[in-house]
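These are my notebook entries on one chain, written in the order in which I looked things up.

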Amino acid sequence: MALKDITLGQFFPGNSPIHRLDPRAKLLAMVIYIIALFLARQFVTYAILLFVLACMIKVSTVRLKALLRGMKPVVFLLVFTAVLNAFYTPGTPLVSFWIFTITYQGLLHAFFMTVRILMLISCTFLLTYTTSPLSLTDGLESLLSPLKKIRVPVHELSMIMSIALRFIPTLIEETDKIMSAQRARGADFDSGHLIQKSKALIPLLVPLFISAFRRADELATAMECRCYHGGEGRTRMNQLHYQPKDGLFITGALTLCVCIGILSWFGL
């Protein structure tokens, strides 16, 4: 797996209907979709959710190749989860060897769990791919604004999350540059077993941490030079306003969630 395959936090500018939606509507719809994912139980409900997700990806004009490339870092997690579910779910035995037993219910549960994780990651990627970090920060802050009444620093929390998300591709690019420089000096990161590969990565940590702290210090200096003092009394150049299409989008997500809940109630 190459570091360039990690696409979390990247934003792909565009003018699709998904790009033009209010960030608050997209955040709410994503949460509702995730709830629907955990309500799904059988093939019918998963097929409906997969169809809806495929339609959203098509409308957003985000390339499927970019989504699939972003899935590579979680392949190990998917395999590990599927194996655990296949071997440790009680039910009708299909294959038994030594102390392991694969059951029909285990295979079914492993399949559904894998599909659920893939769709959950895909909808999260779709949000970050179609929403700029600044819009995401503004939307998150607006949704959490009621917490200001109990003195929760909503703006600061939203800014921290946005900066962390934005720095993911930056740090990945920096790590790739450091690895290329060390390979040019004879470092080997690919050969050997897992422990040897892990030890080979240790020399990357020092320059990477130095670079991260330097970037953080530069960002802090830039924010101070622009007289940034938190969210109190702060205004925005672009104000967020709900449009009818945002209401329709949220209503559609709620309708989908209710339908999935009803179908799951009937065992579909």
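**Entry 1: Arg 24.** I looked up Arg 24 and found its place in helix α1, where helices (H or I, at least four residues) and strands (E, at least two) are DSSP runs numbered from the N terminus. The model is a predicted one, in which local features need pLDDT of at least 70 and side-chain atom pairs count only at pLDDT 80 or more, while totals for chains, interfaces and linings use all residues. Residues are numbered from 1 along each chain as its sequence is written, and side-chain values use heavy atoms, with hydrogens and water left out.

Is Arg 24 buried or exposed? Arg 24 counts as buried because its relative accessibility is 9%, the classes being buried under 20% relative accessible area, exposed over 50% and partly exposed in between, with a 1.4 Å probe and protein chains only. I then listed what Arg 24 touches, leaving out residues up to four places away in sequence, and wrote down Gly 139, Ser 142, Leu 143, Leu 240, His 241 and Tyr 242; contact here means heavy atoms within 4.5 Å.

**Entry 2: salt bridges.** A salt bridge is a side-chain nitrogen of Lys or Arg within 4 Å of a carboxyl oxygen of Asp or Glu, and by this rule I count three salt bridges.

- Arg 24 meets the side chain of Asp 22 in a salt bridge at 3.0 Å, N to O, and Asp 22 is buried, with a relative accessible area of 6%.
- Glu 141 and Lys 148 form a salt bridge whose closest N and O atoms are 3.7 Å apart; Lys 148 is partly exposed at 44% relative accessible area, whereas Glu 141 counts as buried at 5% relative accessibility.
- Glu 174 forms a salt bridge with Arg 215, with the closest N and O atoms 3.0 Å apart. Glu 174 lies in helix α7 (residues 154-184) and Arg 215 in helix α8 (residues 194-225), so this pair ties together parts that are 41 residues apart in sequence. For this pair I also noted that Glu 174 counts as buried at 13% relative accessibility, while Arg 215 counts as partly exposed at 27%.

**Entry 3: helix α1.** I checked the length of helix α1 (residues 23-39), whose 17 residues should span 24 Å at 1.5 Å a residue, and its end C-alpha atoms are 24 Å apart, which agrees; the expected span is 1.5 Å times one less than the number of residues. I next asked which residues of α1 are buried. The buried residues are Pro 23, Arg 24, Ala 25, Lys 26, Leu 27, Ala 29, Met 30, Ile 32, Tyr 33, Ala 36 and Leu 37. What covers the buried residues of α1 includes α2, α5 (104-130), α6 (133-143) and α9.

Entry 4: Ile 48 is found in helix α2 and counts as partly exposed at 30% relative accessibility.

**Entry 5: cysteines.** How many disulfides does the structure hold? The structure holds zero disulfides, a disulfide being a pair of cysteine sulfur atoms within 2.5 Å. The sulfur of Cys 55 is 15 Å from the closest cysteine sulfur, in Cys 123, which is too far for a bond, and Cys 55 counts as partly exposed at 29% relative accessibility. For Cys 257, the closest cysteine sulfur is in Cys 259 at 9.4 Å, again too far for a bond, and Cys 257 is buried, with a relative accessible area of 13%.

**Entry 6: the whole chain.** The chain has nine helices and two strands, and buried residues make up 34% of its 268 residues. Among contacts with a separation of 6 or more, residues 24 or more positions apart account for 73%. The chain exposes about 16,800 Å², with carbon and sulfur atoms supplying 70% of it; accessible areas come from the Shrake-Rupley method with a 1.4 Å probe, and for residues only the protein chains shown count as cover.
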